[in-house]
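Hi,

Here is the model I promised to send over.

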Amino acid sequence: MSGLVNVLVIGAVIAVVVFRQCSAQRITDARRWWVLPGILLVLSLREPGLVDPHHAALSAAVLGAEMLVGLVTGAGWAWTTRLWREADGSLWSKGTKATAFVWTAGLALRAALYGVAALMGIHQGSAALLAALAVMLAARGGALMWRAGQLRPAYGDSMHGDSMRGGSMRGGSMHGGSAYGGSVHGESAYGGSGDRAMPRAAWKDRV
């Protein structure tokens with residue numbers, strides 16, 4: 001019965017993960033990225049079939065290879081995921097084509113290891129799959145959070161741009177002021193021409 005529960009849990013986790021990769025998702029539980037991998041790891045350790053007792057050494061070697069595949073897949077998954085911050089500081093992620101390739105390659109390697117273990121007569125239950133999934137999710141979550149720490153909020157850039165634009169606007173207004181000043185000087189120039197016209201009018205009055 002516990003094996004069936006593990007299979008259902010694995011299927012539900014994979015379905016949620018694949019669904020979240022198809023569209024942009026806001027990361028709201030960034031500080032608790034380790035919770036789900038921790039739960040899966042505990043569930044795998046509670047199962048008695050993590051290592052085949054009849055082939056202990058070979059089973060442990062295959063399990064170690066599966067953990068390595070999960071680690072590499074999770075890290076590659078995180079590095080190929082698009083990650084950004086919105087202007088309000090919220091963190092968002094979305095899978096790319098490279099993410100799908102990494103995910104597919106990880107599944108293929110996992111299936112290959114399972115086939116090799118079956119040819120060697122090693123029995124693997126759902127516990128090994130749970131452990132590999134936990135390692136993969138932990139690697140992905142840790143790498144994503146590290147990348148998130150390197151990101152600058154979008155509003156920082158916008159503020160910088162606004163300040164630059166504000167400076168240019170202020171500069172423009174200053175230049176505009178000087179232009180208006182030029183027009184004032186132009187008006188004084190018109191005044192100068194008017195001053196020259198006034199003696200002519202007075203001369204005509206005198207004549």
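Let's start with Arg110: this residue is buried, as its relative accessible area is 14% (buried means under 20%, exposed over 50%, partly exposed in between, with a 1.4 Å probe and protein chains only). Before I go on, keep in mind that this is a predicted model, where local features need pLDDT of at least 70 and side-chain atom pairs count only at pLDDT 80 or more, while totals for chains, interfaces and linings use all residues. Residues are numbered from 1 along each chain as its sequence is written, and side-chain values use heavy atoms, with hydrogens and water left out.

Back to Arg110. Its side chain meets that of Glu66 in a salt bridge, 3.2 Å from N to O (the term covers a side-chain nitrogen of Lys or Arg within 4 Å of a carboxyl oxygen of Asp or Glu). The two partners sit in distant parts of the chain, 44 residues apart: Arg110 in helix α4 (residues 97–119) and Glu66 in helix α3. Helices here are DSSP runs of H or I with at least four residues, and strands are runs of E with at least two, numbered from the N terminus. The structure holds one salt bridge. Glu66 is buried too, with a relative accessible area of 1%. Apart from neighbours within four places in sequence, Arg110 is in contact with Glu66, Gln124, Ala128, Leu129 and Ala132, where contact means heavy atoms within 4.5 Å.

Next, the strands. β2 (residues 82–85) and β3 (residues 91–94) run antiparallel and are joined by four bridges; two strands pair if DSSP finds at least two bridges between them. Arg82 has Lys94 in β3 as its bridge partner. Five residues lie between the strands of this hairpin, and Gly89 takes a positive phi near 90° there.

Now for confidence. pLDDT is the predictor's confidence in each residue, from 0 to 100. The protein's mean is 75, and 70% of its residues reach 70 or more. Over residues 156–207 pLDDT stays under 50, and the model has two contacts beyond four places in sequence for them. Where pLDDT is low, the predicted coordinates should not be read in detail.

One last item: Trp33 is found in the loop between β1 (25–27) and α2 (35–46). Trp33 is partly exposed, with a relative accessible area of 33%.

Cheers
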